[in-house]
Amino acid sequence: MYKVSVIVPIYNVQQFIGACAKSLFGQTYREMEYIFVDDCSPDASVNELKSVLTCYPERQSQVRIIRNTENRGSGATRSIALAAATGDFVMYADSDDVLVPDAVEKLVEAQQATDADIVDAAYQRLLPDGTLGETVTPFHGTKETMMRLLLAQNTITHQVWARLIRRSLHTDHQVDFIYGINMAEDYCIMPRLLFYAKRAYIDDIIYYYRVNDSGTFSSWLNERHIGSYLSANRLVGEFLRDKDTAREYTYAYELGMLNTIHRALGIIGIADIYWWCSYQPTIPLFRLCKRLLCHRATRPLLRGAYLLLKGIYVRKMTAKG
């Protein structure tokens, strides 16, 4: 039986971590390890976690609670937890979300049936009023097509949770979370893992993702986070430059970078973008697009061009499967 390590960062989630912990400790799968990392949370989140744990004596020996000496952000916190993990597979959970009771069991069963390195599952949005919203099913297609759609941006989800991941994908290929990348940190992880992985999926809902009141990704993308966002994109680009020698994913990545630069230009100047992410497209069309993005008058036109090119590309990839 495989051992599964569940990684949970903790920061300012006193209101929600009790429900999260109950859903984790109540899993039907027994061979588990739980690694919680307290990122210097200012509230009583850890006390709430410990209180819930007393109700699950059979799980107490499986739980580790690590405390950061200073607030380090989600990227570094996940990296610390990953380094402490000993399971054959890892799962990531946000500390305000909830898993269904047999989530791990279903993922492990799918992995054993397919020998996959990554198993994706469906998740459902948990709205602020406590009601359930949209169900998001995993991509039904090849790993290569999924990779291309992910890189093109805003086409399929790239979160690390609601997935079972073979831990050796991280350790054998040095795919880790990066200190300072706390916005789009999932995006800088999933393409690198997927590049090496055999993938499977199930359509069962195994995870409830809590939608907070703080707005969309666009509202979070501000001067505080822009460096992290651009650094994540740079990291993926450098990885593909070194590993994707056949250039199978170049078009998708450079198409996605038009979206990244357009978003960033709404907040900082082009010189600052170059400092964070010295992206130089190789495809002539995208070189032209990048130059036009530098001029305020042509940015709306270029936004339309990105959406048009992406639409054509997504239809092509989806038909290909």
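**Aromatic pairs and a pocket**

Tutor: In this predicted model, F25, Y34, F36 and Y56 are linked by ring pairs into a cluster. The structure holds 17 aromatic pairs.

Student: How are the planes of F195 and Y196 arranged: stacked, tilted or edge-to-face?

Tutor: The ring centres of F195 and Y196 lie 5.2 Å apart. Planes over 60 degrees apart fall into one class. The planes here stand at 90°, so the pair is edge-to-face.

Student: Y196 also pairs with F239. How many residues apart in sequence are the parts that this pair ties together?

Tutor: The rings of Y196 and F239 are 5.9 Å apart centre to centre, with 80° between the planes, an edge-to-face pair. Y196 belongs to helix α7 (residues 185-196) and F239 to helix α9, so the parts tied together are separated in sequence by 43 residues.

Student: Does F239 count as buried or exposed?

Tutor: The cut-off for buried is under 20% relative accessible area. Y196, at 26% relative accessibility, counts as partly exposed. F239 has 10% relative accessibility and therefore counts as buried.

Student: Which element gives the most to the lining of the second largest pocket?

Tutor: The second largest pocket holds about 360 Å³ of space, and 16 residues line it, with G237, E238, R241, Y253 and Q280 nearest its centre. By type, the lining residues are five nonpolar, five polar and six charged. The element that gives the most, with five residues, is α9.

Note on methods: Residues numbered from 1 in each chain as written. Predicted model: local features only at pLDDT ≥ 70, side-chain atom pairs only at ≥ 80, totals over all residues. Heavy atoms only, no water. 1 Å grid on protein atoms, 1.4 Å probe; cavity = no way out; pocket = protein on both sides within 12 Å on 5 of 7 lines; lining within 4 Å. Points joined across faces, edges and corners; volume = space filled by probe spheres on them. Helix = DSSP H or I, 4+ residues; strand = E, 2+ residues; numbered from the N terminus. Nonpolar A, V, L, I, M, F, W, Y, C, P; charged D, E, K, R; others polar. Phe/Tyr/Trp six-rings, centres within 6.5 Å; stacked < 30°, edge-to-face > 60°. Buried < 20%, exposed > 50% of the residue type's maximum accessible area, 1.4 Å probe, protein only.
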